Amino acid sequence: MAINKNALIRYKTIDKCLQNHYRQWTLNDLIEACSDVLHEYEGREVNVSRRTVQLDIQMMRSDKLGYNAPIVVYDRKFYKYEDEDYSITDIPLTENDMNVLSETVEMLKQFKDFSLFSELGGIIQRLEDKVYTEKTHQASIIHLDKNEKLKGLQHLDLLYQAILKKIVLRLTYRSFKARAASEVIFHPFILKEYNNRWFLIGVVGDKPQILTFALDRIINVDYDLDIPYRNENFNGDDYYKNTIGVTVLAEKHIQRIVLKIDKSNAPYVTTKPFHSTQEIISAHQDGGVTVQLQVHVNFELERLILGFGDSIEVIEPPLLRKRIRKKLEAAANKYIV
């Protein structure tokens, strides 16, 4: 447990003690209370020093954490709140606090489909209620892309738990190309989000190939506790290190991609690279740039290039240049009147 978390636990413990007006609290009493609470949290003996609690009281009295707690000593040994109604949990929020809370609530709500965050559900609702009872509702300053109508999101929690607990799945899955759905034995490794869609990555049965299943094509999910889980020590960062998107191809498909970007789009490409392997190999007098990447030549790369239209030119490799040209010609032909 981190030291700062221990400190917060001690502050809350001292606060709870001093709210109890039916007992007199000495410094030793507060030390004992803090030690007992930390013992419950950590499951081991925790000896809180006299100096630590003295510093905690000093910190609570100060405005460093915004508490300004009115802790006083009477009869030279007992501690209490001068204002009997005071509590560090009832400190009014500043405007900045409110703004931060508003945006935090909005961001946390993006992950509501994960049980990882289910324990936060009540907290988020209480935060939201606190925010909107103290200030008028206003449009979010931070806007995150989301697609509430995307199919398959109801499976997120079940899949997450299966990966966490290393459980084999029986998936009913139907790809866009399949005529009918089929059931597969699937060993899930990771969940991946790309372009506002979610994907499950793993292996089927005893086959070696890593497969990617789109959550919106998963019809049903069941656990199979009788099949041993294949623990492959899969590393998502290594797996996707030369990939744009989710389509990972054989190593032979990793190529040097050279792209020429015009001056109007050069700033966007240089400040937000296509991929971590991107390097600028030349800057042109007109403001354009030529960059190179080392990535798989996959569907996502092609869509990325096509999205820039006439602002980008594929220099290498020749096969990709030819394929992009054909797609652009086919697109132009659709607009011939």
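**Note on side-chain contacts in a predicted model**

1. Glutamate 313 is partly exposed, at 33% relative accessibility. Partly exposed sits between two limits: buried means under 20% relative accessible area and exposed means over 50%, with a 1.4 Å probe and protein chains only. The side chain of glutamate 313 meets that of arginine 321 in a salt bridge, 2.9 Å from N to O. The term salt bridge stands for a side-chain nitrogen of Lys or Arg within 4 Å of a carboxyl oxygen of Asp or Glu. Arginine 321 is partly exposed too, with a relative accessible area of 37%.

2. Some ground rules. This is a predicted model, in which local features need pLDDT of at least 70, side-chain atom pairs count only at pLDDT 80 or more, and totals for chains, interfaces and linings use all residues. Residues are numbered from 1 along each chain as its sequence is written, and side-chain values use heavy atoms, leaving out hydrogens and water.

3. How many salt bridges does the structure hold? The count is 11. One of them joins the side chains of aspartate 216 and arginine 197, at 2.6 Å from N to O. This pair links distant parts of the chain, 19 residues apart. Aspartate 216 is in the loop between β6 (211–214) and β7, while arginine 197 is in strand β5, residues 197–204. Helices (H or I, at least four residues) and strands (E, at least two) are DSSP runs, numbered from the N terminus. Aspartate 216 is buried, at 17% relative accessible area. Arginine 197 is partly exposed, at 26%.

4. Another salt bridge joins arginine 323 and glutamate 302, at 2.4 Å from N to O. It connects helix α10 (residues 318–333), which holds arginine 323, with helix α9 (residues 299–307), which holds glutamate 302. The two residues are 21 residues apart. Arginine 323 is partly exposed, at 28% relative accessibility. Glutamate 302 is buried, at 9%.

5. Salt bridges also form a network here. Its members are Arg170, Glu183 and Asp224.

6. Now the rings. There are 10 aromatic pairs. Rings of Phe, Tyr and Trp (its six-membered ring) pair if their centres lie within 6.5 Å; planes under 30 degrees apart count as stacked, over 60 as edge-to-face and the rest as tilted. Tyrosine 239 and tyrosine 240 make an edge-to-face pair, 4.9 Å centre to centre with 80° between the planes. Both tyrosine 239 and tyrosine 240 are buried.

7. Phenylalanine 274 and phenylalanine 308 are also edge-to-face, 5.4 Å centre to centre and with 80° between the planes. Phenylalanine 274 lies in the loop between α8 (266–271) and β9 (279–283), and phenylalanine 308 in the loop between α9 and β11 (312–316), so the pair ties together parts 34 residues apart in sequence. Phenylalanine 274 is buried, at 14% relative accessibility.

8. One aromatic cluster takes in Phe189, Tyr229, Phe234, Tyr239 and Tyr240. Lysine 80 lies over the face of tyrosine 74, at 5.0 Å from the ring centre. The rule for a charge over a ring asks for NZ of Lys or CZ of Arg within 6 Å of the ring centre and within 35 degrees of the ring normal.
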